[in-house]
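Thanks for coming, everyone. Please take a look at the model on the screen, and I will walk you through a few places in it.

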Amino acid sequence: MDTAQWLDELAEGLSEHGWMSFDITPWLGEALLKSLQAEIILLDQKDALKSAGVGRGSSPVRDRSIRRDKIAWLQGSTPAQAEIFEFFQSLRLGLNQRLFLGLKRIEAHYATYHCGDFYKPHVDSFQGRASRIVSLVLYLNDDWLPADGGALQIYSRQNNSEVCARILPEAGRVAVFMSEEILHEVVEAHRTRYSLACWFRQDEIPLPISALL
């Protein structure tokens, strides 16, 4: 499948269902996935990730009853980050051409869930904020099994009590969904789980990094 056809299918999935999941390895390549995986593992080993908060603005609340992951924001400062940002920018342009979303910029962070960590059901943006519009999560875990937990649980756009998908965080798999519409959660992980999250936004002025934590 060529890139244009893949983008057509992604746009159709987002329009019809509000989300889509697929293996993105053919477009990113094994080498880039391994480089990103090595980066987040090293950050985790150095204890360089920070506990994530809930809410937006200058005073996010760190509530471990809601989420327990740790994150590190990407700045495009390494070859692997620069390459994945280039891919995200091409995706931003492709979605704008097909869905007329007016996406202007991206933000991204690494996320680590240790054994016992989770993120309760939530959406990534409040309705009408015109901030985060499309969410993407890229997984960086080898040999993940259902017994390892940590699945991304997607809820139906029509019924927030109905689970319509459980996505295992296998290396190279992505989940893409509409940030304001799709309720989702990360169920409890039973081994360390690595991912990279990206948001495509309509606003133009980046918030200070401190406001995003």
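Let's start with helix α4. Its buried residues pack against α1 (3-16), α2 (25-28), α3 (30-45), β4 (105-113), β6 (132-139) and β11 (193-201). Buried here means under 20% relative accessible area; exposed means over 50%, and partly exposed is in between, with a 1.4 Å probe and protein chains only. Helices are DSSP runs of H or I with at least four residues, strands are runs of E with at least two, and both are numbered from the N terminus.

A word on the source. This is a predicted model, where local features need pLDDT of at least 70 and side-chain atom pairs count only at pLDDT 80 or more, while totals for chains, interfaces and linings use all residues. Residues are numbered from 1 along each chain as its sequence is written, and side-chain values use heavy atoms, leaving out hydrogens and water.

Back to α4. It covers residues 79-99, which is 21 residues. From first C-alpha to last it reaches 30 Å, close to the 30 Å expected at 1.5 Å a residue. That expected span is 1.5 Å times one less than the number of residues. Which residues of α4 are buried? They are A80, Q81, I84, F85, F87, F88, L91, R92, G94, L95 and N96. An α-helix has 3.6 residues a turn, so residues three or four places apart point the same way. After α4 comes F100, with a positive phi near 55°.

Stay with N96, in helix α4. N96 has a relative accessible area of 16%, so it counts as buried. Its side chain reaches the backbone nitrogen of L103 at 2.8 Å. Setting aside residues up to four places away in sequence, N96 touches L101, G102 and L103. Touching, or contact, means heavy atoms within 4.5 Å.

Now the whole chain. How many helices and strands does the chain have? Five helices and eleven strands. There are 213 residues, and buried ones make up 52% of them. Take contacts between residues at least 6 apart in sequence: 79% join residues at least 24 apart.

Is G172 buried or exposed? Buried, because its relative accessible area is 0%. Beyond its neighbours within four places in sequence, G172 is in contact with F22, D23, I24, T25, L33, L138 and Y139. P26 is 146 residues from G172 along the chain, yet their C-alpha atoms are separated by 8.8 Å.

Next, D117. Find it in the loop between β4 and β5 (119-122). D117 is buried yet has no salt bridge. A salt bridge needs a side-chain nitrogen of Lys or Arg within 4 Å of a carboxyl oxygen of Asp or Glu. The nearest side chain of opposite charge is R64, 4.8 Å away. What D117 does have is a side-chain polar atom 2.7 Å from the backbone nitrogen of H114. Leaving out neighbours within four places, its contacts are R68, T112, V187, E188 and A189.

Last stop, A48, in the loop between α3 and β2 (50-51). A48 is partly exposed, because its relative accessibility is 40%. Not counting residues up to four places away in sequence, A48 touches L43 and A72. A48 and K70 are 22 residues apart in sequence and 9.0 Å apart in space, C-alpha to C-alpha.

Conventions. Lys, Arg positive; Asp, Glu negative; His and termini not counted. Polar contact = N/O pair within 3.5 Å; in protein donor to acceptor, adjacent residues only side chain to side chain.
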